Amino acid sequence: EEVSIAELARRVSSHFEAGPEVKIAEEPRSGTKPARYVPSIERAKRELGLRCRVDLDESIRRTISFYKKQG
């Protein structure tokens, strides 16, 4: 799933009870092409038979839960 770093920060923040405010330091200028690379997982799917079983939001929830249990 392709998401910007800003969107990822907002989505992670939304999973906390207190919902910490996320301030984005600088939004990309409109009309400019973002300087980022989104890797393709097609080869891993094709050659290794791998597949995504957990979506991004569930991955975020599980990661937060793991770290909360760690103290």
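Reader: Before we start, what does contact mean here?

Author: Happy to set that out, and the model we are looking at is a predicted one. Contact means heavy atoms within 4.5 Å.

Reader: Thanks! Of the contacts in the protein chain with a separation of 6 or more, what percentage comes from residues 24 or more positions apart?

Author: Take the contacts in the protein chain whose partners have a separation of 6 or more. Within that set, the share from residues 24 or more positions apart is 59%.

Reader: Which pattern does the secondary structure follow along the sequence?

Author: The protein chain has three helices and zero strands. Reading along the sequence therefore gives a pattern built from helices, given that helices and strands are the DSSP runs that get numbered. That pattern is α-α-α.

Reader: And how confident is the predictor, and which helix has the highest confidence?

Author: Over the protein chain, the mean pLDDT is 82, with 86% of the residues at 70 or more. Among the helices, confidence is lowest in helix 1, with a mean of 85. The highest value, 93, belongs to helix 3.

Reader: Let's turn to the side chains: which residue forms a salt bridge with Arg11?

Author: The whole structure holds six salt bridges. In one of them, a nitrogen and an oxygen 2.9 Å apart join the side chain of Arg11 to that of Asp57. The pair links distant parts of the chain, with Arg11 in helix 1 (residues 5-13) and its partner in helix 3 (residues 56-70), 46 residues apart. The partner is Asp57.

Reader: Is Arg11 buried or exposed?

Author: The cut-off for buried is under 20% relative accessible area. Arg11 has a value of 14%, so it falls under that limit. The word for Arg11 is buried.

Reader: Which residues is Arg11 in contact with, leaving aside its neighbours within four places in sequence?

Author: Arg11 sits in helix 1. Its salt-bridge partner Asp57 is on the contact list too.

Reader: How far does helix 3 reach, and which residue follows it?

Author: With 15 residues, helix 3 reaches 21 Å from its first C-alpha to its last, close to the 21 Å expected at 1.5 Å a residue. The residue that follows has a positive phi, near 90 degrees. It is Gly71.

Reader: Now for helix 2: why are Glu47 and Arg43 separated by about one helical turn?

Author: Glu47 and Arg43 form a salt bridge, with their closest N and O atoms 3.2 Å apart. Both lie in helix 2 (residues 42-48), and they are separated by about one helical turn because they are four residues apart.

How values were computed
Residues are numbered from 1 along each chain as its sequence is written. This is a predicted model: local features need pLDDT of at least 70, side-chain atom pairs count only at pLDDT 80 or more; totals for chains, interfaces and linings use all residues. Side-chain values use heavy atoms; hydrogens and water are left out. A salt bridge is a side-chain nitrogen of Lys or Arg within 4 Å of a carboxyl oxygen of Asp or Glu. Helices (H or I, at least four residues) and strands (E, at least two) are DSSP runs, numbered from the N terminus. Buried means under 20% relative accessible area, exposed over 50%, partly exposed in between (1.4 Å probe, protein chains only). pLDDT is the predictor's confidence in each residue, from 0 to 100. The expected span of a helix is 1.5 Å times one less than its number of residues.
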